[in-house]
Amino acid sequence: AMFSEWGDGVIEVEEAGNAGRLGQRRGSEMFFLTQEAGATNNIVHMLAVNYQFKPGEGIVTWDREAYVEPFLLERIMDVFDKFLDSEARDGHLIDPNVWRNASESGGKLAIYCTSFARVVVNILRVMLQITPEQFTRHKDKFFPLLCSLVRVQSDEIRLLVQDVLQIKVAPMIGVTIKR
């Protein structure tokens, strides 16, 4: 649009300038959120691989588990806290079809919960893969997060939470689940 079409007042000129920037800002938000989600997903993956690493017999190596554990937990807590906050604030505004497969639909909207759904899915898969001893050490942190994830809109996330509760938590409390 030409400036002459908007008028020559200060408000009209500002609106004309902001109209072009609004689309750019949303595009950059989307770009940076998806980049951050991808980077975070890779960081979680690398930390998880090192956390689960078990050297062969007779091989002397540094204690990867002890070194990586605080970094992995910090990342998990940060992602879950931000995801749950965003999902509670914005999740109900999102079309339910976006949540059908959270690990593939992330990034369609510039909202943290949709962009990081794939990261949450992968963190839950890591929880399923770690040893019972590793999970038990962090049950005080994991259990409240799992309880909070029960209410999210994503069926995929809720099903993984169910798996973690049945596979990791149930044995800790002496409950046998028939699958």
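**View 1. The largest nonpolar core of this predicted model has 39 residues.** Within this core, the residues with the most contacts are Phe80, Phe83, Leu124, Met127, Leu149 and Ile157. Which helices each supply at least two residues of this core? They are α2 (10-52), α3, α5 (112-115), α6, α8 and α9.

**View 2. The whole protein chain is built from 9 helices and 0 strands.** Read from the N terminus, the order of elements is α-α-α-α-α-α-α-α-α. The protein chain has 179 residues, and 36% of them count as buried. Take the contacts in the protein chain with a separation of 6 or more: 66% of these come from residues 24 or more positions apart.

**View 3. Helix α8 spans residues 139-149, and its buried residues are Phe142, Leu145, Leu146 and Leu149.** Why do these buried residues line one face of the helix? Looking down the axis of α8, they fall within an arc of 100°, so they line one face. Their packing partners are α3 (64-90), α6 (117-129), α7 (132-137) and α9 (155-172).

**View 4. Ser148 is another residue of helix α8.** Here the relative accessible area is 25%, so Ser148 is partly exposed. Ser148 and Phe80 are 68 residues apart in sequence, yet their C-alpha atoms are 9.3 Å apart in space.

**View 5. Trp62, Tyr67 and Phe71 are linked by ring pairs into a cluster.** The structure holds 5 aromatic pairs. In one of them, the rings of Trp62 and Tyr67 have centres 5.6 Å apart and planes at 75°, so this pair is edge-to-face. The rings of Tyr67 and Phe71 have centres 5.4 Å apart, with planes at 55°, so that pair is tilted. Edge-to-face needs planes over 60 degrees apart. As for accessibility, Trp62 is partly exposed at 47% relative accessible area, and Phe71 is partly exposed at 40%.

**View 6. Arg64 lies over the face of the Phe53 ring.** The distance from Arg64 to the ring centre of Phe53 is 3.8 Å.

**View 7. Pro171 is found in helix α9.** At 53% relative accessibility, Pro171 counts as exposed. How far apart are Pro171 and Pro132 in sequence and in space? They are 39 residues apart in sequence, and their C-alpha atoms are 9.2 Å apart in space.

Methods
Residues numbered from 1 in each chain as written. Predicted model: local features only at pLDDT ≥ 70, side-chain atom pairs only at ≥ 80, totals over all residues. Heavy atoms only, no water. Buried < 20%, exposed > 50% of the residue type's maximum accessible area, 1.4 Å probe, protein only. Helix = DSSP H or I, 4+ residues; strand = E, 2+ residues; numbered from the N terminus. Arc of directions from axis to C-beta. Contact = heavy atoms within 4.5 Å. Phe/Tyr/Trp six-rings, centres within 6.5 Å; stacked < 30°, edge-to-face > 60°. Lys NZ or Arg CZ within 6 Å of the ring centre and 35° of its normal. Core = buried A, V, L, I, M, F, W, Y, C linked by side-chain atoms within 4.5 Å.
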